[in-house]
Amino acid sequence: MSGVTAANPPALTLVLGDEELLSARAIAAAVQAARAVDPGADVREYEGGALVPGEVAEMLSPSLFGGRRVLVLRSGQDARKDMITTLLAYAKDPDPEVNLIVGHLGGAKGKALADGLKSAGATVVAVPKMKGTRERIAFVREEIRRLGGSCNEEAATVLLDAVGSDLRELAAACSQLMADTDGRITASTVARYYKGRAEVSGFTVADAAIVGDVPGALEALRWALHVGVDPVPIADALADGVRTVARVAGAGRGSAYQLASSLGMPPWKIERAQKQSRGWSPEGLVDAMHAAADCNAAVKGGAEDRGYALERAVVAVATARRGGGR
């Protein structure tokens, strides 16, 4: 049986978007595809604003000695007008032995280059900036899957709380977790590896307060403030926690999967809120929401002692669970 021949990579590739990590990966994958066809390919990389038409014309010309050429142009949005003209003229009839890979942030700057490459039939790889938590949770789960492991939604959320939203840091954390575990990533796995970072999130404070654990909530709160967590996200987490429990409790009985659509929440979050809602009365939830609202107003309104405002809210929420409305 003969060996498998690698598919010929596109002559024109446009990596379009401003998600830095995904853009870098897309460009690397395009270069790798060219090298799969010709391991000795001549690969050269340039910044869009630093390249002149003479250089690119030489690079895009067939090699006198044969062999594939790969031109990577990063930050294509910074290319000058004469550069764009040269590139688009080439794109009308590209050499099949040359791979032109252009990175472009999207947006108005240098739009003529992106539009022209699209019109010329370039293969477009979209890498838009991830804006929401849902997208980042999906990224974490896919990243773990890509590395050969598995990760549920709750674990991905805990990792986001611990590491933050930067994609490079999340990717590094996923890689570390996969290197140090059997690949089955749970919320407990993440908490164990990021102990100290995960514990100081506002959600940890909120979770303890909502189940009536005053000592645990105050300890987490004081530690969070000690290590520099801003009071605002802690106040937001407390308000979100109380609000979530109130919504889930008010939705009545039903499985988390049945309620997910009507409440607009992921099942794991509903399951957690269902557990947390035990012991709460409607009057207690009203008291807790008042306490969370007062805390938000104090923390965001520039109270002199925002830490005290948070401590008072934590105690008030926990107390409301035990005896609200009585």
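**Entry: Ser 75**

I looked up Ser 75 and found that, at 24% relative accessibility, Ser 75 counts as partly exposed, where buried means under 20% relative accessible area, exposed over 50%, and partly exposed in between, with a 1.4 Å probe and protein chains only. Ser 75 lies in the loop between strand E3 (69-74) and helix H3, and I note that helices (H or I, at least four residues) and strands (E, at least two) are DSSP runs, numbered from the N terminus. Ser 75 has a positive phi of about 50 degrees although it is not a glycine. I set beside this that most residues other than glycine have a negative phi.

I am working with a predicted model, in which local features need pLDDT of at least 70 and side-chain atom pairs count only at pLDDT 80 or more, while totals for chains, interfaces and linings use all residues. Residues are numbered from 1 along each chain as its sequence is written, and side-chain values use heavy atoms, with hydrogens and water left out.

**Entry: the whole protein**

I noted 15 helices and seven strands as the secondary structure of the protein. The C-alpha atoms fill a box of roughly 90 × 55 × 35 Å along the principal axes. For the radius of gyration I found 27 Å, whereas a compact globule of 326 residues would have one near 20 Å; the radius is taken over C-alpha atoms, and the globule rule is 2.2 Å times the number of residues to the power 0.38. Of the 326 residues, 44% are buried. Taking contact to mean heavy atoms within 4.5 Å, I read that 75% of the contacts between residues at least 6 apart in sequence join residues at least 24 apart.

**Entry: Glu 97**

I then turned to the loop between helix H3 (81-91) and strand E4 (98-104), which is the place of Glu 97. Glu 97 is partly exposed, with a relative accessible area of 40%. Leaving aside residues up to four places away in sequence, Glu 97 touches Gly 67, Arg 68 and Arg 69. Glu 97 and Gly 67 are 30 residues apart in sequence, and their C-alpha atoms are 7.3 Å apart in space.

**Entry: the largest core**

Which residues have the most contacts inside the largest nonpolar core? I found Ile 270, Trp 280, Leu 310, Val 314 and Val 317, in a core of 40 residues; such a core is a set of buried Ala, Val, Leu, Ile, Met, Phe, Trp, Tyr and Cys residues joined through side-chain atoms within 4.5 Å. Several helices each supply at least two residues of this core, including H10 (214-226), H11 (231-250) and H15 (306-323). The largest share, eight residues, comes from H11. A second, separate core of 25 residues includes Met 130, Phe 139, Val 140 and Val 190.

I followed Leu 238, which lies in helix H11 and, at 3% relative accessibility, counts as buried. Not counting residues up to four places away in sequence, Leu 238 touches Ala 206, Ala 209, Ala 313, Val 314 and Val 317. With the same exclusion, Val 314 touches residues including Val 205, Ala 217 and Leu 221.

**Entry: helix H10**

The 13 residues of H10 should span 18 Å at 1.5 Å a residue, and I found its end C-alpha atoms 18 Å apart, which agrees; the expected span is 1.5 Å times one less than the number of residues. The buried residues of H10 are Val 214, Ala 217, Leu 218, Ala 220, Leu 221 and Ala 224. They cover an arc of only 165 degrees around the axis, which puts them on the same side of H10, the arc being that of the directions from the helix axis to the C-beta atoms. On the other side of H10, Pro 215, Glu 219 and His 226 are exposed.

**Entry: helix H5**

For H5 (residues 133-146) I listed Arg 136, Ile 137, Phe 139, Val 140, Glu 143 and Ile 144 as the buried residues. Seen down the axis of H5, they fall within an arc of 155 degrees, so they line one face of the helix. I recorded that they pack against elements including helix H1 (20-37), helix H6 (153-163) and helix H7 (167-180). H5 is followed by Gly 148, whose phi is positive, near 100 degrees.
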